[in-house]
Amino acid sequence: MRLQEHWPAHQRKETSVQLAYTQWGDPDAPLLICLGGIANTARRWDYLALDLSDQFNVICFDWPGRGMSGWLAKEGDYTLDTNVETLAQLLDHLDQPSASIIGSSLGGSTAMAFAARHPGRVKKLVLNDIGPYMPAERRQRRAQAVAHHYIFKRPSDLFRRLGASAKNDGPVTEDELLHNTYFQTQWSAEHGGRVYRHDPRALQAYAADAIGSIDQWDDWRTLDLPILVIHGLLSDALLLETVQQMLEKPGVAAMHVPETGHTPALSDAYQIHFVRSWLLGHGPAAPFTCLLPPATPRHLFTSAKPAA
């Protein structure tokens, strides 16, 4: 009800939306919530969650309108305020006063806003290639790519599209891309092919908002908690100068990931090791560069069609 001010007065009413998440590990272990990007599903976190589940209770969340979660009533409901409220209700549902959070892109923006509005409810924060600023030009390019209704009638079309969109995620193997592709799409008998597992209006709402840059410096200045910034060195979403400004805040560390853009997949052993170490309080305080695993060839996921 608090989020319905943009609705006509006669339409405002209590509205239930079923939200989905995966849970890994001992429910009594320290709580870690993983929040994905604009078009991600909870299952994208499977590799990280599986590895961390021996020491954490890992909750991976499907945003409203994505994955297995229900869709919101109106396109205008897909806002940062809605995401912040959703995260608050998730913690209440779990009967937990606070949690550590890993947020990729949209998930990190939401986590910063949530931590600013609910002091003390975030213990530690990992921001995966996202900061208080993202250029509008970059947001608009992303909006042009996602705010379409794609129908993949052949596996090869799907593989090329998903492989191209993930070309800067890194490093990821072909097995991981297949895993993410399966859970990010679903079969549609109506369309005779696989479609993305999300509400197109959620992506259209993002496109409408992408006319401006992300500016969360006011939220950033209020944060007083340990923060790890993960930065893809090829990223055009989290700029190096933004990272340098973020590092001026006490308690902020940075992990740079070579040959990677927006966003690091957080699925290989090196990245997971450093994230785990930092969450447990053992990570280096100074900025450092993550190792890369050996490159693996890709055959299914290529940005160009194979030669005839």
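## An edge strand to start from

Tyr 21 sits opposite Phe 61 of β3. That puts us in β1, which pairs with strand β3 (residues 57-61) in the antiparallel sense over four bridges; two strands count as paired if DSSP finds at least two bridges between them. Helices (H or I, at least four residues) and strands (E, at least two) are DSSP runs, numbered from the N terminus.

A word on the basis: this is a predicted model, where local features need pLDDT of at least 70, side-chain atom pairs count only at pLDDT 80 or more, and totals for chains, interfaces and linings use all residues. Residues are numbered from 1 along each chain as its sequence is written, and side-chain values use heavy atoms, with hydrogens and water left out.

## The whole protein

Ten helices and 13 strands make up the count for the protein. The C-alpha trace spans about 60 × 55 × 40 Å along its principal axes. For 308 residues, a compact globule would have a radius of gyration near 19 Å, and the protein agrees, with 19 Å (taken over C-alpha atoms; the globule rule is 2.2 Å times the number of residues to the power 0.38).

Of the 308 residues, 53% are buried, meaning under 20% relative accessible area, against over 50% for exposed and in between for partly exposed (1.4 Å probe, protein chains only). Among contacts (heavy atoms within 4.5 Å) with a separation of 6 or more, 78% come from residues 24 or more positions apart.

## The eight-stranded sheet

β1 belongs to an open, mixed sheet of eight strands, in the order β1-β3-β2-β4-β5-β11-β12-β13. β1 (21-24) and β13 (288-289) are the edges, each with a single partner strand, so one side of each has no neighbour in the sheet.

Further in, β4 and β5 run parallel, paired over five bridges, and Gly 103 has Leu 127 in β5 as its bridge partner. β5 is mostly covered, with five of its seven residues buried. Helix α10 (residues 269-279) lies across β2, β4, β5, β11, β12 and β13, at about 155 degrees to β5; axes are lines fitted to C-alpha atoms, for helices over the stretch in contact, and angles run from 0 to 180 degrees between N-to-C directions.

Then there's Ser 98, in the loop between α2 (80-93) and β4. Ser 98 is buried, at 10% relative accessible area. Beyond its neighbours within four places in sequence, its contacts include Leu 31, Gly 120 and Val 122.

## Nonpolar cores

The largest nonpolar core has 50 residues, and Ile 33, Ile 101, Leu 125 and Ile 227 are among those with the most contacts inside it. A core here is a set of buried Ala, Val, Leu, Ile, Met, Phe, Trp, Tyr and Cys residues joined through side-chain atoms within 4.5 Å. Helix α3 (residues 106-117) gives the most to this core, seven residues. A second, separate core of 26 residues includes Ile 230, Leu 266, Leu 279 and Phe 288.

Another open sheet has three strands, ordered β7-β9-β8, with antiparallel pairing. β7 (151-152) and β8 (185-188) are its edges, each with a single partner strand, so one side of each lacks a neighbour in the sheet. Two bridges join β7 to β9, with Val 195 in β9 as the partner of Ile 151. Helix α6 (residues 174-184) lies across β8 and β9, at about 50 degrees to β8.

Finally, helix α7 (residues 200-209) buries Ala 202, Leu 203, Ala 205 and Tyr 206. Down the axis of α7 these fall within an arc of 155 degrees, so they line one face of the helix; the arc is that of the directions from the helix axis to the C-beta atoms. What covers them includes α4 (136-146).
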